[in-house]
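Here is a short briefing on a protein model. Look at the chains first, then at the place where they touch.

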Amino acid sequence: MALRSVVSRKTLAPALRHYRSLTTFTLPDLPYDYGALEPAISGEIMRLHHQKHHQTYVTNYNKALEQLDAAVSKGDAKGVVQLQSALKFNGGGHVNHSIFWQNLKPVSEGGGEPPHGALGWAIDKDFGSLEALVKKINSEGAALQGSGWVWLALDKEQKILKVETTPNQDPLVTKGVSLVPLLGVDVWEHAYYLQYKNVRPDYLANIWNVINWKYASEVYEKESA
Amino acid sequence: MVLQLVMAPNWCGCGVASANSTKISTNAFKMSSNRFNFSKPYPGRAYRVTAYYSLTTPPYELDALEPYMSKRTVEIHWGKHHNEHVERLNKHLKTSAFYGHTLEEMVKATYNNGSPLVEFNDSSSVWSHDFFWESMQPNGGSMPKGGVLDQIEKDFGTFTNFKDEFTFAALSIFGPGWVWLYLKKNERKLAVAPTQNAISPLVWGDIPIIGLDMWEHAYYLDYKDDRSAYVNNFLDHLVSWHSVMVRMMRAEAFVNLGEPKIPVA
């Protein structure tokens, strides 16, 4: 994730002198071309999803952060609390989509290859088989009313894999502080509508062809160490 | 409304349910007259009529809203999304305690003051989508006239202010939702509000006047991510001020919007 630091200085009152630095965010590049995930996800969707939707979350998150900074400096408690929903929505949108781009990989680069090693064994232990896990994620994703995400999560505390859903752009951590996202599948309509229309189950069935299990394995091994 | 004939051993009914009610009262029927030409396959047995909801048709052809809302969008939005809610609602109703409620009653009851019951999502979606199709018409938009315009100018200042507020509310929604022009019963004025997911002003007791679906499936095929173009086209070319007038007239039966104008002799 690229960071750009913007340093803004408070007035230099004799008793109190400090720098206030506000870190804002930029849209991360995709590690593959827009069309590289076809036919599972069309290039048109990937382009809009990245350049429009994710960019809007980044832009509005930065705006909310600037407003938050101002409210915190002024000691405006009401203002700080009022900004929370914009921060959760736009910040969550940025966090979730940044994970999502890593969760996908073109077939030619290993997308769709099933997980091996520690994650593979953990999946078999906690779900019985990879097929059972995929079936569970697909059914929870299809059943989600409205917009949201379906996650394969590692519960660091209980040392167990779980499938969770979150509404809108709520990040996975809102479902449990010890949950680490390994895989997230975006089931907002913008993620599939142009190609699959209302048939979300087809999108869910096909996305497994481009899922990047290597990334999920790396996160799993790092977080379960 | 689809009526189904079901055999029930214990009570008698020989009439056809009226189109307006979903619940058949046992007192309503008399066995004596043969007014109703109602063929009974098993004479002497009693019948119970059950009724479920059906997909109401928009009051225009599916391509009538082009180019502002494509035929493709209406076909999928109405034929798949709206239809799916109707089918799911009917599935719930087979075992639900709310069978027999009108749709509006069911929406209010199943909202359950913010802890919605399982039937809420589908019943509210069915109600809202029926309302949505009827909020639009071919060659809609432009400006309302007469009493409607007067009320809008009274409550928003100018018509442009109303449009700006409506648009701002529509674009402020986080995630799926709706934007409404509605009549506040207690304050006796029009207002604009956005709602999340399937919620409508019915749940807080006010009277909806215009409903615009802001779920992505409502506009994505035609406008992709450009929500403001969708809302502007709705206001400028689709909104049915005729429906608004009819709804305001009906609302005045429940809310006194002003002193009656009594002509001086």
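The points below cover the chains, their interface and their salt bridges.

This is a predicted model. Chain A has 225 residues, and chain B has 265 residues. Between chain A and chain B, about 1,800 Å² of area is buried.

**Chain A**

- Chain A holds eight helices and five strands.
- Read from the N terminus, the elements of chain A follow the order β-β-α-α-α-α-α-β-β-β-α-α-α.
- A box of roughly 65 × 40 × 30 Å, taken along the principal axes, is filled by the C-alpha atoms of chain A.
- Of the 225 residues in chain A, 51% are buried.
- The accessible surface of chain A is about 11,100 Å². Carbon and sulfur atoms account for 54% of that surface.
- Take the contacts in chain A between residues at least 6 apart in sequence: 65% of them join residues at least 24 apart.

**Chain B**

- Chain B also comes to eight helices and five strands.
- From the N terminus on, chain B reads β-β-α-α-α-α-α-β-β-β-α-α-α.
- In chain B, 47% of the 265 residues count as buried.
- Among the contacts in chain B that link residues at least 6 apart in sequence, 66% join residues at least 24 apart.

**Where chain A meets chain B**

- The contact uses 19 residues from chain A and 19 residues from chain B.
- Carbon and sulfur atoms give 59% of the area buried between the two chains.
- Seven residue pairs are in polar contact across the interface of chain A and chain B.
- On the side of chain A that touches chain B, the elements giving two or more residues are α1 (43-74), α3 (84-103) and α6 (193-196).
- That side of chain A consists of six nonpolar, nine polar and four charged residues.
- One salt bridge is counted between chain A and chain B. Glu44(A) pairs with Lys224(B) in a salt bridge, and their closest N and O atoms are 3.6 Å apart.

**Salt bridges within the chains**

- Over all chains, the whole structure has 15 salt bridges.
- Lys162(A) and Asp155(A) meet through their side chains in a salt bridge, at 2.7 Å from N to O. Is Asp155(A) buried or exposed? Asp155(A) counts as buried, because its relative accessibility is 3% and the cut-off for buried is under 20%. Lys162(A) is partly exposed, at 22% relative accessible area.
- Asp126(A) forms a salt bridge with Lys125(A), with the closest N and O atoms 2.9 Å apart. Asp126(A) is partly exposed at 23% relative accessibility. Lys125(A) is exposed, with a relative accessible area of 60%.
- In chain B, the side chains of Glu187(B) and Lys184(B) form a salt bridge of 3.5 Å, N to O. Lys184(B) has a relative accessible area of 22% and is partly exposed.
- Lys156(A), Lys222(A) and Glu223(A) belong to one network, joined by salt bridges that share partners.

Key:
Residues are numbered from 1 along each chain as its sequence is written. Chains are lettered from A and ligands numbered from 1 in the order in which they are written. This is a predicted model: local features need pLDDT of at least 70, side-chain atom pairs count only at pLDDT 80 or more; totals for chains, interfaces and linings use all residues. Side-chain values use heavy atoms; hydrogens and water are left out. Helices (H or I, at least four residues) and strands (E, at least two) are DSSP runs, numbered from the N terminus. Buried means under 20% relative accessible area, exposed over 50%, partly exposed in between (1.4 Å probe, protein chains only). Contact means heavy atoms within 4.5 Å. Buried area is the accessible area (1.4 Å probe) that two parts lose on being put together, summed over both. A salt bridge is a side-chain nitrogen of Lys or Arg within 4 Å of a carboxyl oxygen of Asp or Glu. A polar contact is a pair of N or O atoms within 3.5 Å; within protein, one must be able to donate a hydrogen and the other to accept it, and residues adjacent in sequence count only if both atoms are side-chain atoms. Ala, Val, Leu, Ile, Met, Phe, Trp, Tyr, Cys and Pro count as nonpolar, Asp, Glu, Lys and Arg as charged, and the others, Gly among them, as polar. Accessible areas come from the Shrake-Rupley method with a 1.4 Å probe; for residues, only the protein chains shown count as cover.
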